[in-house]
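I set out to record, entry by entry, what I looked up in this structure. The entries follow below.

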Amino acid sequence: GKTVRVLDKVTVGKPDSLPSHVEFAADDKIALVTRQNEHQVIVLSVDGQTVKPAGREISVGIRPYALAVHPSGRLAISANVGRGSGDNDTLSVIDTSRTPARVVNTVDIGTEVPEGLAISPDGRWLLAANMRAHHIVTLRIEETGQLTPTGAVLGLPSPSCIKFWRG
């Protein structure tokens with residue numbers, strides 16, 4: 001059988017910083033954590049079973065919530081939900097291969113509350129589930145990290161979580 005147990009606890013911010021999502025990137029040597037109330041993604045250093053803050057806080061858009069990592073581990077995308085009024089809902093592309101890791105592109109997706117993200121297994125497509133806008137939008141991921149909206153939109157009531165199926 002498989003046993004899961006707590007090895008240690010890592011403080012990723014004050015409780016009111018509202019950490020939301022954690023994703024591993026860059027060959028599992030780092031992990032990224034969104035902190036909504038501080039408008040940041042923080043970097044954790046991962047060395048085997050040891051995880052600790054790397055001392056890097058990346059400023060992204062307003063209230064980062066969801067996070068997705070490209071299959072290459074080189075890029076991460078933060079869904080910034082703004083203030084919930086449709087005024088500043090963006091996606092920030094973080095290049096984790098740079099030292100230090102930093103935002104290389106921010107895209108206004110023109111919708112309200114991007115709560116869920118999924119990157120296709122081949123790394124070419126990003127789906128953003130926009131809860132208050134009641135739809136999912138598709139963006140192409142360029143080699144440079146640029147995101148290009150395709151215009152494809154799927155209407156669904158309040159989507160918040162999305163995954164690609166590997167069937």
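**Entry 1. Terms and model.** I took two strands as paired if DSSP finds at least two bridges between them. Helices (H or I, at least four residues) and strands (E, at least two) are DSSP runs, numbered from the N terminus. I note that the model is predicted: local features need pLDDT of at least 70, side-chain atom pairs count only at pLDDT 80 or more, and totals for chains, interfaces and linings use all residues. Residues are numbered from 1 along each chain as its sequence is written, and side-chain values use heavy atoms, with hydrogens and water left out.

Entry 2. I found four strands in an open sheet, ordered 9-10-11-12, with antiparallel pairing. At its edges are strand 9 (114–119) and strand 12 (147–155), each of which pairs on one side only. On average, neighbouring strands of this sheet are turned by 25 degrees against each other, direction ignored; for such angles, axes are lines fitted to C-alpha atoms (for helices over the stretch in contact), and the range is 0 to 180 degrees between N-to-C directions. I then followed strand 11 (residues 135–141), which pairs with strand 12 in the antiparallel sense over six bridges. Opposite His135 I located Gly155 in strand 12.

Entry 3. How many bridges join strand 1 and strand 2? I read five, in the antiparallel sense, with strand 2 covering residues 30–35. Ala25 has Ile30 of strand 2 opposite. Four residues lie between the strands of this hairpin, where Ala26 takes a positive phi near 50 degrees.

**Entry 4. Asp16.** I placed Asp16 in the segment before strand 1 (19–25). Is Asp16 buried or exposed? Asp16 counts as exposed because its relative accessible area is 52%, where buried means under 20%, exposed over 50% and partly exposed in between (1.4 Å probe, protein chains only). From Asp16 to Gln36 the C-alpha distance is 9.0 Å, at a sequence separation of 20 residues.

**Entry 5. Backbone in the loops.** His39, in the loop between strand 2 and strand 3 (40–47), has a positive phi of about 55 degrees. His39 has 26% relative accessibility and therefore counts as partly exposed. Arg63, in the loop between strand 4 (50–59) and strand 5, has a positive phi of about 55 degrees. Its relative accessibility is 24%, so Arg63 counts as partly exposed. I also checked Pro100, in the loop between strand 7 (90–95) and strand 8 (102–108): a cis peptide bond joins Thr99 and Pro100, with omega about -5 degrees.

**Entry 6. Pockets.** On a 1 Å grid over the protein atoms alone, a pocket is an open set of points with protein on both sides within 12 Å along at least five of seven lines, and lining residues have an atom within 4 Å of a point. The largest pocket holds about 420 Å³ of space. Among its 23 lining residues, Glu23, Ala68, Leu117, Ala118 and Lys163 are the closest to its centre. Strand 1, strand 5 (64–69) and strand 9 each give two or more residues to this lining. The second largest pocket holds about 180 Å³. I listed its lining as Arg5, Val6, Leu7, Asp8, Lys9, Val10, Gly48, Gln49 and Val51.

Methods
On a 1 Å grid over the protein atoms alone, a cavity is a set of points where a 1.4 Å probe fits but cannot get out, and a pocket is an open set with protein on both sides within 12 Å along at least five of seven lines; lining residues have an atom within 4 Å of a point. Grid points are joined across faces, edges and corners, and a volume is the space filled by probe spheres set on the points.
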